[in-house]
Amino acid sequence: MGSLWTGGRIYTMEHEKDVVEAVFVEGGMIVAAGSKIDLEKRYKERISKLIDLKGHTMFPGFVDSHMHLVGHGEKLMKLDFSEMTSSQEISTSIQEYVKDIPKGEWIIGEGWNENQLPDRKIFHRIELDELSPHNPLMLKRICRHAVVVNTKALELAGITDNTPNPEGGIIVRDANGHATGYLLDQAQELVKTVIPKVTEDYIQNALRLSIGDCLSKGLVGGHTEDLNYYGGFERTYRGFQKVIKKDGIKFRTNLLVHHEAVDDMHRLGYSFGDGDNLVELGAMKIFADGSLGGRTALLSQPYNDSPDTSGVAIHTVNELKMLVKKARNYKMPIAVHAIGDLAFEYVLDAIEEYPPLPKQRDRIIHAQILRKELVDRAKQLPIILDIQPRFVVSDFPWVIERIGESNMEYCYAWKTLLQEGFHCAGGSDAPIEPVEPLLGIHAAVTRKKPGEEDIYMPEQRISVYEAVQLYTTGSAYTIGKEDCMGKIAPGYKADFTVLNQDLFHIDDDEILSTNVMMTVVDDTIMYSNQKEDQT
Ligand SMILES: [Zn+2]
């Protein structure tokens, strides 16, 4: 027996503005979509439940193509600086937080960004010592490619003035050669490795909180990368199984597997594509470079505003090729973080030498800084570009200074990439950006900061339809699920996002005031907005 969904406008995403009146669902799958009268007649005997959309608008379920689900949950549990706009506010929040933590226990803070502080302050370890005299402290920069730590943390990590910079990282030092507590890229690992492992309960609590939040924001799923950061593959994977499968908090996850976790995954008998449509093992994740904020994104030219650096390669091009070869040996596609154009070029070099298996698709995550010839090369390969529209809001206008105005033509160039025929998917990179897909859609469509007037590279705005595609058909295509996810059509999964406004018929800025009314995963209403419904 099945259910009939009707009573609102239903966009199928089969093609632009394609609308149906009703959808009949059975066993978690869409059986038919069409006119209400027709479906009522055809499935009369099989309709056991009627779901009234109450005039709201239904879309195929939104899926975030790049996120860190556990990290997002941690952000909800933790000291979070990402909305703070002064260094004083950060100091005060640390002082308050420390009061409740037993002496000696690690304190981790997240999301600071000196670019949004009027004094552009990067805390020095001595200042942090005053705020947290008895606890080791690590504060992660918004980009996660840099941390600042206090003296206790440096001591526990065994970092002294004489410690050499590790490969791919920098221990920032003052004019006298003393470590300041600011650690870039791989240097972070020196500290992270001495932080006690998190418990499995912690992972599961973070996941529960995270998925609950995602569902309330209209997401039915996400491609998420977490398996290497919480004590290894096995316990983290078990966390997903427990929360999503055993506890029944349904959410469609595709788990990217960090290259350092793939051996463990195989040793335990798992391989790419294992699992089911709720928890599935995905591509091998590799980092090719860092971030623009910390000037560690790898550029082919020096930074315009800091000509002594052109960024940091996490791996040499040969190391990168070896990692891609390793993925191919395991029959895995790759998903590579590449922000700078030289990092992107390295990835193309590696994919050209070690292409994926037939029908497999690689993805390049971020793809922010490109050049014409790289676009032309990439077009020849089975590559998906996994873009984060919200980065426009966070990175402009300062990124223009970093890159140089005359080099911006192929940067954050979402419209150009779509016109060039790339398959693109849309993600938040939560916890780095807010997880709301509606914020991503707004950023892609307007290229404005909410509430402000400046439009950054207006020619690169995309249509609402194209933006919704990023989170529906785009996310589905990225994991080879374009035949069963991302549309409302027979044979597709019954995953829906229901909104109180019709995105295709409102002003662009009204996207920001749109409410999620219902989030449906596998024909189960996982979130319903009771508050709005009563008004
Ligand atoms: Zn990420």
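**Ground rules.** I'm working with a predicted model, where local features need pLDDT of at least 70, side-chain atom pairs count only at pLDDT 80 or more, and totals for chains, interfaces and linings use all residues. Residues are numbered from 1 along each chain as its sequence is written, and side-chain values use heavy atoms, with hydrogens and water left out.

**Zinc.** I started with the metal. Which residues coordinate the zinc ion? I found H66 (NE2), H68 (NE2) and D429 (OD), at 2.1 to 2.2 Å. Donors here are N, O and S atoms within 2.8 Å of the metal (3.2 Å for Na, K and Ca), and since water is not among the atoms, sites may look incomplete. The spacing of the donor residues in sequence reads H-x1-H-x360-D. Distant parts of the chain are linked this way: H66 sits in strand β6 (residues 62-67) and D429 in the loop between β19 (423-426) and α16 (437-446), 363 residues apart. For element names I rely on DSSP runs numbered from the N terminus, helices being H or I with at least four residues and strands E with at least two. Both H66 and D429 are buried, where buried means under 20% relative accessible area, exposed over 50%, and partly exposed in between (1.4 Å probe, protein chains only).

**Helix α10.** Next I looked at α10, residues 317-329. Its 13 residues reach 18 Å from first C-alpha to last, close to the 18 Å expected at 1.5 Å a residue; that expected span is 1.5 Å times one less than the number of residues. Buried in α10 are L320, K321, L323, V324, A327 and R328. They cover an arc of only 160 degrees around the axis, so they lie on the same side of α10; the arc is taken from the directions from the helix axis to the C-beta atoms. They pack against β15 (279-287), β16 (334-338), α11 (341-353) and β17 (362-366). On the face turned away from that side I noted the exposed N318 and N329. After α10 comes K331, with a positive phi near 60 degrees.

**Cysteines.** How many disulfides are there? I get zero, counting a pair of cysteine sulfur atoms within 2.5 Å as one. The sulfur of C143 is 18 Å from the closest cysteine sulfur, in C411, too far for a bond. For C411 the closest is in C424, at 15 Å, also too far. C411 is buried at 0% relative accessible area, and C143 is buried at 10%.

**S91.** Last, I checked S91 in helix α3 (residues 87-99). S91 counts as buried at 12% relative accessibility. Leaving aside neighbours within four places in sequence, S91 is in contact (heavy atoms within 4.5 Å) with F123 and L131.
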